[in-house]
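Please look over the sequence and the model shown here before reading the briefing that follows.

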Amino acid sequence: MNQDQTQILRIIDANLNRSREGIRVVEDCARFVLNDKLITQQCKSLRHQLRDAVSTLGFSSLDLITSRDTLHDVGTSISTSNESDRSAGMTDIVQAACKRVTEALRVIEETSKTLGSTGSRFESIRYEMYTIEQQSILALSHKCPQWVLCVLISQSLCIEHSPCEVIKRAAAGGADCIQIREKHMPDDQLLDHAGQLTKLGQSLGMDVIINDRVDIAKLVQAQGVHLGQGDLPTRDARKILGFQRWIGRTCPTIDEATRAIANGADNCGIGPIFESTTKSKPILGGLDLIKSYLSTPTTQKTPVLAISGINPDNIDELAVLNCPGVAVSSAVCSAANPESVCSAIVSKLSAQHGTIEPTLNA
């Protein structure tokens with residue numbers, strides 16, 4: 001091997017190391033922080049593609065190792081202040097790793113041309129990395145919060161007040177999210193209704209989720225959608241909503257929750273916990289279901305709402321389990337004093353977690 005070839009291999013070796021290391025950083029973020037199976041698989045595939053692409057260049061791994069000269073590498077002692085700035089946490093870490101990968105791949109792409117390669121395989125891997133960077137950064141920057149109380153708003157249940165009034169009073173009582181749930185409303189009417197309630201909820205500082213309807217959620221610019229077991233698969237919903245909106249999933253078992261999270265769900269509605277006054281639930285998951293969710297490694301890091309039959313009379317049973325959040329429907333929507341119901345629920349859950357209890361607006 002002549003001197004020119006050795007120098008080229010030295011450049012390729014250094015940039016292969018940068019690429020592999022950077023991809024692994026992103027992969028571990030997707031796996032352990034985002035719990036995103038799709039991005040994790042994409043990163044793993046990219047590492048294998050990179051290995052295969054290198055094998056076509058006509059030299060061995062021993063040739064690469066032989067060309068390496070870390071001791072005399074003048075770049076190892078050069079650094080900038082930006083290299084140590086990771087003040088935005090995982091977002092900064094992943095963004096820096098992705099930039100390192102794409103820059104290194106461009107160097108390999110160009111230098112490999114001196115060895116008779118077109119560089120096209122490295123170019124293709126670089127373009128895939130751009131997509132992974134976009135998906136990862138968007139997912140990190142819009143990570144779903146853990147709500148304390150989500151109120152499911154159905155017009156038919158609002159017997160004491162209008163849906164708008166219920167939302168105002170729920171916000172006053174400490175609810176931080178609403179879910180608009182209208183199973184039988186015609187599409188044109190639902191679009192107008194959901195648009196009005198979404199604007200109201202967001203103006204009050206609440207996140208707004210649309211039940212079932214991915215299309216409506218996107219059109220009214222709600223924060224996300226909640227899907228049942230028989231609704232659109234999470235991955236297909238993600239193609240419509242992108243990573244800027246959250247996708248929740250109803251999960252009656254831990255296995256269902258684990259699958260939902262692996263497929264990209266941002267949060268889970270776990271239940272039924274108690275018997276519901278609005279919907280027949282022949283099989284109850286009970287309190288053991290929420291206990292399992294909070295203690296299972298594959299689920300415990302993903303935001304959760306206990307669902308079904310929850311009210312101020314039984315909220316203590318969930319509070320003692322350190323349940324972080326609940327979804328409530330008729331107990332709030334049909335109440336004469338929705339803010340008091342919300343305040344009672346939020347106070348019990350917040351007290352258990354040592355947070356400040358809400359102050360009821362007059």
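At 9% relative accessibility, does Glu133 count as buried or exposed? Glu133 counts as buried, a word that here means under 20% relative accessible area, while exposed means over 50% and partly exposed lies in between, with a 1.4 Å probe and protein chains only. This is a predicted model, in which local features need pLDDT of at least 70 and side-chain atom pairs count only at pLDDT 80 or more, whereas totals for chains, interfaces and linings use all residues. Residues are numbered from 1 along each chain as its sequence is written, and side-chain values use heavy atoms, with hydrogens and water left out.

**Salt bridges**
- A salt bridge is a side-chain nitrogen of Lys or Arg within 4 Å of a carboxyl oxygen of Asp or Glu, and by this rule the count comes to 18.
- One of them joins the side chains of Lys99 and Glu133 (3.2 Å, N to O), linking distant parts of the chain, since Lys99 is in helix α4 and Glu133 in helix α5, 34 residues apart.
- Lys99 counts as partly exposed, at 40% relative accessibility.

**Helix α5**
- Helices are DSSP runs (H or I, at least four residues), numbered from the N terminus, and α5 covers residues 120–141, with 22 residues.
- Among the buried residues of α5 are Phe122, Ile125, Met129 and Glu133.
- The buried residues of α5 pack against α1, α2 (37–55) and α4 (90–112), where contact means heavy atoms within 4.5 Å.

**A pair within helix α1**
- Glu27 and Arg24 both lie in helix α1, three residues apart, and their side chains meet in a salt bridge (3.5 Å, N to O).
- Glu27 counts as buried at 5% relative accessibility, whereas Arg24 is partly exposed at 36%.

Conventions:
Helix = DSSP H or I, 4+ residues; strand = E, 2+ residues; numbered from the N terminus. Expected span 1.5 Å × (residues − 1).
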